[in-house]
Amino acid sequence: MKGALVQLAKKGPIPVPNLIMFQYNPETIEHTWDQPDGGGGGSKPGSYSNPQAASGKPGESFSFTLQMDANDQIAEGSRIAAISGVYTRLAALEMLIFPVEVKEELVGATGAKNACEVPQFLLPTVLFVWGPGRILPVRVTSLSVTEKLFDKILNPTQVEAKIGLRVLTPEELAVADQAHDPLAKVGMVAYSYSHGLRQALAIANLANAKGDVGMLPF
């Protein structure tokens with residue numbers, strides 16, 4: 001199974017996926033969690049805030065490096081790779097960091113109380129798919145490309161792309177939904193699915209811990 005990034009573009013009444021399948025899965029993935037500030041309390045002299053307080057869900061991010069090689073695609077009979085190298089794959093990745101224009105009738109639209117202002121541009125909704133257990137709504141935060149080899153007309157044929165992703169939280173997706181992002185709900189479903197599976201696996205881990213409970217001194 002191969003990982004993928006899926007861009008969801010609004011074309012008519014339903015989202016249209018642009019699938020960017022990884023030619024080779026990255027050998028390693030850096031998965032980082034950041035705790036939000038606790039916030040509140042402890043402002044008076046001699047008082048202390050609850051050290052376990054949290055203002056929201058932890059931040060989650062991924063970074064990894066993708067390898068692309070047109071020679072393998074050409075050997076498999078890809079005519080696109082023979083003409084343009086890996087430029088099509090590279091261009092698809094690059095488009096993930098470009099904002100898309102919001103429909104004119106939605107710009108500046110306002111709704112109910114606490115509704116947010118609709119921006120003129122929004123980054124495309126992207127799903128990071130890493131197996132059936134991790135399908136997450138993300139924002140592409142960084143893309144660094146090293147083009148190593150080229151064909152006769154200077155299309156890149158061998159590329160190394162370093163990608164940074166930040167997982168969008170339900171709170172952020174709710175704001176995007178208020179901003180009339182038609183794909184925010186898709187991201188909410190993906191986040192809920194992956195987080196629900198994570199919770200189920202954490203409960204299943206209790207079976208592994210049964211034999212270790214006796215090691216505790218209390």
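**Exercise 1. Find which residues Asp 69 touches, leaving aside its neighbours within four places in sequence, and then describe how its charge is placed.**

Leaving aside those neighbours within four places in sequence, Asp 69 is in contact with Gln 23, Tyr 24, Val 86, Thr 157 and Gln 158, where contact means heavy atoms within 4.5 Å. The model is a predicted one, in which local features need pLDDT of at least 70 and side-chain atom pairs count only at pLDDT 80 or more, whereas totals for chains, interfaces and linings use all residues. Residues are numbered from 1 along each chain as its sequence is written, and side-chain values use heavy atoms, with hydrogens and water left out.

Step 1. Asp 69 is found in strand β4; helices (H or I, at least four residues) and strands (E, at least two) are DSSP runs, numbered from the N terminus.

Step 2. Asp 69 is buried and yet has no salt bridge, and Lys 148, the nearest side chain of opposite charge, is 9.2 Å away. Buried means under 20% relative accessible area, exposed over 50%, and partly exposed in between (1.4 Å probe, protein chains only). A salt bridge is a side-chain nitrogen of Lys or Arg within 4 Å of a carboxyl oxygen of Asp or Glu. For charge, Lys and Arg count as positive and Asp and Glu as negative, while His and the chain ends are not counted.

Step 3. The side chain of Asp 69 does make a polar contact with the side chain of Gln 158, at 3.3 Å. A polar contact is a pair of N or O atoms within 3.5 Å; within protein, one must be able to donate a hydrogen and the other to accept it, and residues adjacent in sequence count only if both atoms are side-chain atoms.

**Exercise 2. Examine the salt bridges formed by Glu 171, Glu 60 and Arg 166, and state how exposed the partners are.**

Step 1. A search of the whole structure finds 4 salt bridges. One of them joins Glu 171 to Lys 57, with the closest N and O atoms 3.7 Å apart. This pair links distant parts of the chain, since Glu 171 lies in helix α4 (residues 170–178) and Lys 57 in the loop between β3 (29–34) and β4 (59–69), 114 residues apart. Glu 171 is partly exposed, with a relative accessible area of 42%, and Lys 57 is also partly exposed, with 37%.

Step 2. Glu 60 forms a salt bridge with Arg 198, the closest N and O atoms being 3.3 Å apart. Here too distant parts of the chain are linked, with Glu 60 in strand β4 and Arg 198 in helix α5 (residues 184–204), 138 residues apart. Glu 60 counts as buried at 4% relative accessibility, whereas Arg 198 is partly exposed at 28%.

Step 3. Arg 166 forms a salt bridge with Glu 172, and the closest N and O atoms are 2.9 Å apart. Arg 166 is partly exposed, with a relative accessible area of 30%, and Glu 172 is partly exposed, with 31%.

**Exercise 3. Describe the backbone and the surroundings of Leu 154.**

Step 1. Leu 154 is found in the loop between β8 (135–150) and β9 (156–167).

Step 2. Phi of Leu 154 is near 70°, a positive value in a residue other than glycine. Most residues other than glycine have a negative phi.

Step 3. At 63% relative accessibility, Leu 154 counts as exposed.
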